[in-house]
Amino acid sequence: MSFPATRLRRLRRTPALRGLVRETHLSPSDLIQPLFVTAGAGVREEISAMPGISRFSITEAVDEAGEIHEAGVAAVLLFGIPADKDEAGSGAYDDEGIIQMAVRAIKEAHPDLTVITDVCLCEYTSHGQCGFIRDGEVDNDVTVELLSKTAISHAEAGADIVAPSDMMDGRVGSIRYQLDEEGHTGVAIISYAAKYSSAFYGPFREAADSTPQEGDRHGYQMDPANGDEAVREARLDLEEGADALMIKPASHYLDIVRRVKDDTGAPVAAYQVSGEYSMLKAAASNGWLDEQRSVTEALVSMKRAGADFIVTYYAKEAALWLA
Ligand code: PBG
């Protein structure tokens with residue numbers, strides 16, 4: 001009698017057998033590409049800490065969005081870099097602001113491409129914090145009002161989905177209520193339900209020019225040490241009307257992706273953030289890692305952990321690999 005009777009290697013023997021029992025599949029339609037749109041004209045400048053990722057002025061962003069759409073990527077997530085910043089971040093909710101103009105231009109050129117907008121004030125405030133500062137602190141409730149105005153102006157410009165990333169309390173409920181009041185009942189909300197106060201956002205802050213002038217974001221973003229709190233954040237956002245929940249960063253937070261998925265059953269997104277991208281790019285460009293295999297492995301792990309879709313700076317590149 002042969003030993004052992006159960007041999008899991010039998011179904012690993014050939015590519016065809018492995019394909020039959022593969023549990024997790026990755027496709028371009030799972031991926032969302034972030035896009036940095038900047039004021040000005042004729043701009044296409046690479047971000048030094050994120051090789052392969054650039055800031056685009058509107059016309060160039062429209063072209064890039066076309067390539068992303070062509071590659072089969074599900075959606076773009078827009079971040080704006082305005083010409084001017086002020087204390088109240090007023091560029092965020094200006095109907096002629098950078099994002100509002102970019103959404104109109106992209107939707108006009110590529111009506112079938114899903115456009116998501118990041119809703120936050122940090123790229124628009126002179127101090128670089130994600131909200132309105134009163135008595136030396138980010139004032140939650142004033143900020144929620146400004147974020148709601150921002151979300152409405154994005155919806156009016158034609159955004160399909162708004163994605164608040166600020167971590168103020170109550171912002172999902174306020175945004176949902178005000179969108180509905182203004183007749184935007186079909187515009188969905190992906191909330192950054194569990195956004196951690198992470199060092200891995202470093203390269204993004206260079207890209208979006210949004211580093212806080214003073215202090216940090218520990219007073220509103222989550223402590224990386226906490227998991228139960230992420231589940232509470234997720235439940236609250238759902239109660240307030242979120243359509244999908246985002247966990248961010250992704251790679252070091254896969255336990256949170258799984259817990260939030262199991263607890264809520266809601267659509268869950270993982271955000272592979274700038275620092276995760278930069279690490280992979282740096283290792284690949286030094287020849288230390290096989291880029292295609294390591295990036296695909298990281299993305300598949302996020303889906304295996306429970307993510308339904310993934311925001312990643314690799315979206316366009318990965319979609320071309322997967323084609
Ligand atoms: C804006 C925002 C940030 C990111 C997404 N939305 C920056 C931050 O909170 O500092 C980070 C994305 C990334 O690192 O790729 N609030």
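Is Arg-235 buried, partly exposed or exposed? With a relative accessible area of 42%, Arg-235 is partly exposed. This is a predicted model, and a search through the whole of it turns up 18 salt bridges. Here's a quick tour of some of them.

**Arg-235 and its partner**
- Arg-235 pairs up with Asp-263 in a salt bridge, and their closest N and O atoms sit 2.8 Å apart.
- This pair ties together distant parts of the chain: Arg-235 belongs to helix α7 (residues 228-239), while Asp-263 belongs to helix α8 (residues 254-264), 28 residues apart.
- Asp-263 is partly exposed too, at a relative accessible area of 35%.

**A network**
- Some salt bridges share partners, and that joins Glu-64, Glu-67 and Lys-316 into one network.

**Asp-139 and Arg-134**
- The side chains of Asp-139 and Arg-134 also meet in a salt bridge, with 3.3 Å from N to O.
- Asp-139 has a relative accessible area of 18%, and buried means under 20%, so Asp-139 counts as buried.

**Glu-96 and Arg-104**
- Glu-96 makes a salt bridge with Arg-104, and here the closest N and O atoms are 3.4 Å apart.

Definitions and conventions. Residues are numbered from 1 along each chain as its sequence is written. This is a predicted model: local features need pLDDT of at least 70, side-chain atom pairs count only at pLDDT 80 or more; totals for chains, interfaces and linings use all residues. Side-chain values use heavy atoms; hydrogens and water are left out. A salt bridge is a side-chain nitrogen of Lys or Arg within 4 Å of a carboxyl oxygen of Asp or Glu. Buried means under 20% relative accessible area, exposed over 50%, partly exposed in between (1.4 Å probe, protein chains only). Helices (H or I, at least four residues) and strands (E, at least two) are DSSP runs, numbered from the N terminus.
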